[in-house]
Amino acid sequence: MAITLADLLSDPALGLVVEGRSEPPAQPIQWVAVTELEDPRPFLNGAEVVLTTGVRLKTGAAQRAFVRRAHDAGALAIGFGVGLTHRRIPAALLAEADAVGLPAFQVPYEVPFIAIGKRVADALSADHYAGLEDLLEGHAVLASALLGPGGLAALLGELARMLGTDVALFQYGACIARASGRTARSPAGPVVAAAPRADAVEPDPDPDPTTWHRLPVATGLKDRCTLAIAEPYGRTAVVDYAQSLISVELTNQARNRTGARAASGQLLEDVVRGSLGGAEAAARLAGSGIDTTLRHSVLIVDVASGQRRALRTLPLPDGWSGGATGLVDERLVLVLPAGAMPDPAGLGRYLHGAGLTARIGVGGSYAQPSGLRWSYFEAREALQRGQPLNIADRLSLTSLLMASADVPLADLAAETLRPLEAFDSAHGAGLLTTLQRYLDLDGSAAAVAADLDLHRNTIRYRLQQVVALTGYDPAVTADRVHLYLALRVRALG
């Protein structure tokens, strides 16, 4: 510990005598300044003990001026050496010291000033050495925590313990890990390191952001990563080291996510395309952490085409790491156990905070590899609604047919609708739009006419053209089903 004035005055080896009435401050002594100048201010930085024999302080005015100047410079006390030019501390000096609240003490003739300086220097050296030891120990503890099974969460837990306060790590504005080092309940409440939280996507760990000190963490990505430390906070070297460790770890995690999502995406693609099934699919999915004996839901994240590269490394907010993730058709696919999926709306807010124009499709909950396929195609079909969050209502015949790679739906749909697309392109006839609205409105020509602001005869004429060009009559049940499926497959891409 650094030495204070009280420590210095109580050292029996020095024999210093307190003569002023001012209480010693608790602030540590930063240095001892020996001076015989009438104005020592140019040579003081503050928090020094000023030692003098008063050689030039011949008058009361000079003595009082000396005290005021030392006080103005931030000195902690004045030590006056007696037995040379003065037998005792001058009364004017003592009176002025008491007036400005500056402690004054007598240094006996037999005590050299260098002894006082050495005592303070030794204390400062010991304090600095102890700080280096603590820093090295802190480095070792943080590195060990990061390399252990607890990973990043354990590192934050140790950092919070060292600082005695709450810490949190944010990427894209969402909390990815958090820990508390407070011994008593704080306004933010007790927190367990990296515990899944329902509010993990909230932008601040505390309603009052002014109570948090934020430090940037460089990861090589545009992810706006910050380390938040609860106030009061004083900068320490161990925090600098923690920032470096977190930076390296998050960069490594981003690289690992790229490879893992590519591999998982290939596996999921084989399953949903139907080229991998049965016991082999179940075994390989289990190796990726998906137990197909349990019910799982598939969630698909689709972003604007220019943003799809970000899905390779995009970290997920706290609470979303309990499932497998992969890239299929440049979309991020999440497979999560039933009942373990956090609120998808929260994920949507997180994606928005990351600057992504995203849509989320959520499929139903099913077991077995075949169920995983159904859930995937439900989620993909739900995406066509075009909303930020799209939840499938139920398993549809379209989804089931799409789940079978043996059914050439895309080819059948193209063959059926190609004449209509060509005619619309050449004549701007709107046949596809009319057909779509006719099927959506349960085959009511009057409703379609009202919806498109056209005459009923125009709608009937267009439907006759559909029959002539495709050979399918939307008024006939079997043909209507065929046309409906063709339009749905076309919408799904």
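Start by selecting Trp-374, a partly exposed residue with a relative accessible area of 30%. The model on screen is predicted.

**Aromatic pairs**

The structure has two aromatic pairs. For Tyr-376 and Phe-377, select both rings: they too make an aromatic pair of the edge-to-face kind, at 5.1 Å centre to centre and 85 degrees between the planes. Are these two residues buried or exposed? Tyr-376 has a relative accessible area of 2% and is buried. Phe-377, at 4% relative accessibility, also counts as buried.

**A charge over a ring**

Next, select Phe-170 and Arg-214. The charged end of Arg-214 sits over the Phe-170 ring, 5.5 Å from the ring centre.

**Salt bridges**

Side chains of opposite charge can pair when their charged atoms come close. How many salt bridges does the structure hold? There are 14.

Go to Arg-68 and Glu-96, whose side chains meet in a salt bridge at 3.6 Å, N to O. Arg-68 belongs to helix H2 (residues 60-72) and Glu-96 to helix H3 (residues 91-100), so the contact ties together parts that are 28 residues apart in sequence. Colour the two by accessibility: Arg-68 is partly exposed, with a relative accessible area of 38%, whereas Glu-96 counts as buried at 14%.

Move on to helix H4 (residues 113-147), which contains both Asp-122 and Lys-118. These side chains form a salt bridge of 3.0 Å, N to O. The two residues are four apart, about one turn of the helix. Lys-118 is exposed, with a relative accessible area of 52%, while Asp-122 is partly exposed at 41%.

Now select Arg-488 and Glu-381. Their side chains meet in a salt bridge at 3.2 Å, N to O. Arg-488 is in helix H15 (residues 477-492) and Glu-381 in helix H9 (residues 368-383), so the bridge ties together parts that are 107 residues apart in sequence. Which of these two ends is buried? Arg-488 is buried, with a relative accessible area of 18%, and Glu-381 is buried as well, at 13%. The cut-off for buried is under 20%.

For the last stop among the charged side chains, select Asp-302, Arg-308, Glu-330, Arg-331 and Arg-359 together. Salt bridges link these five residues in a network.

**The largest pocket**

Rolling a probe the size of a water molecule over the atoms shows where empty space is left. To find the largest pocket, select Gln-253, Arg-257, Leu-316, Trp-320 and Ser-321, the lining residues that lie nearest its centre. The largest pocket has about 620 Å³ of space, and 26 residues line it.

Show the secondary structure around the largest pocket. Which elements each supply at least two residues of its lining? They are helix H5 (151-163), strand S7 (174-179), helix H6 (237-273) and strand S11 (324-328). H6 gives the most, with six residues.

Finally, colour the lining of the largest pocket by residue class. The lining has 13 nonpolar, ten polar and three charged residues.

Methods: Residues are numbered from 1 along each chain as its sequence is written. This is a predicted model: local features need pLDDT of at least 70, side-chain atom pairs count only at pLDDT 80 or more; totals for chains, interfaces and linings use all residues. Side-chain values use heavy atoms; hydrogens and water are left out. A salt bridge is a side-chain nitrogen of Lys or Arg within 4 Å of a carboxyl oxygen of Asp or Glu. Buried means under 20% relative accessible area, exposed over 50%, partly exposed in between (1.4 Å probe, protein chains only). Rings of Phe, Tyr and Trp (its six-membered ring) pair if their centres lie within 6.5 Å; planes under 30 degrees apart count as stacked, over 60 as edge-to-face and the rest as tilted. A charge sits over a ring if NZ of Lys or CZ of Arg is within 6 Å of the ring centre and within 35 degrees of the ring normal. On a 1 Å grid over the protein atoms alone, a cavity is a set of points where a 1.4 Å probe fits but cannot get out, and a pocket is an open set with protein on both sides within 12 Å along at least five of seven lines; lining residues have an atom within 4 Å of a point. Grid points are joined across faces, edges and corners, and a volume is the space filled by probe spheres set on the points. Ala, Val, Leu, Ile, Met, Phe, Trp, Tyr, Cys and Pro count as nonpolar, Asp, Glu, Lys and Arg as charged, and the others, Gly among them, as polar.
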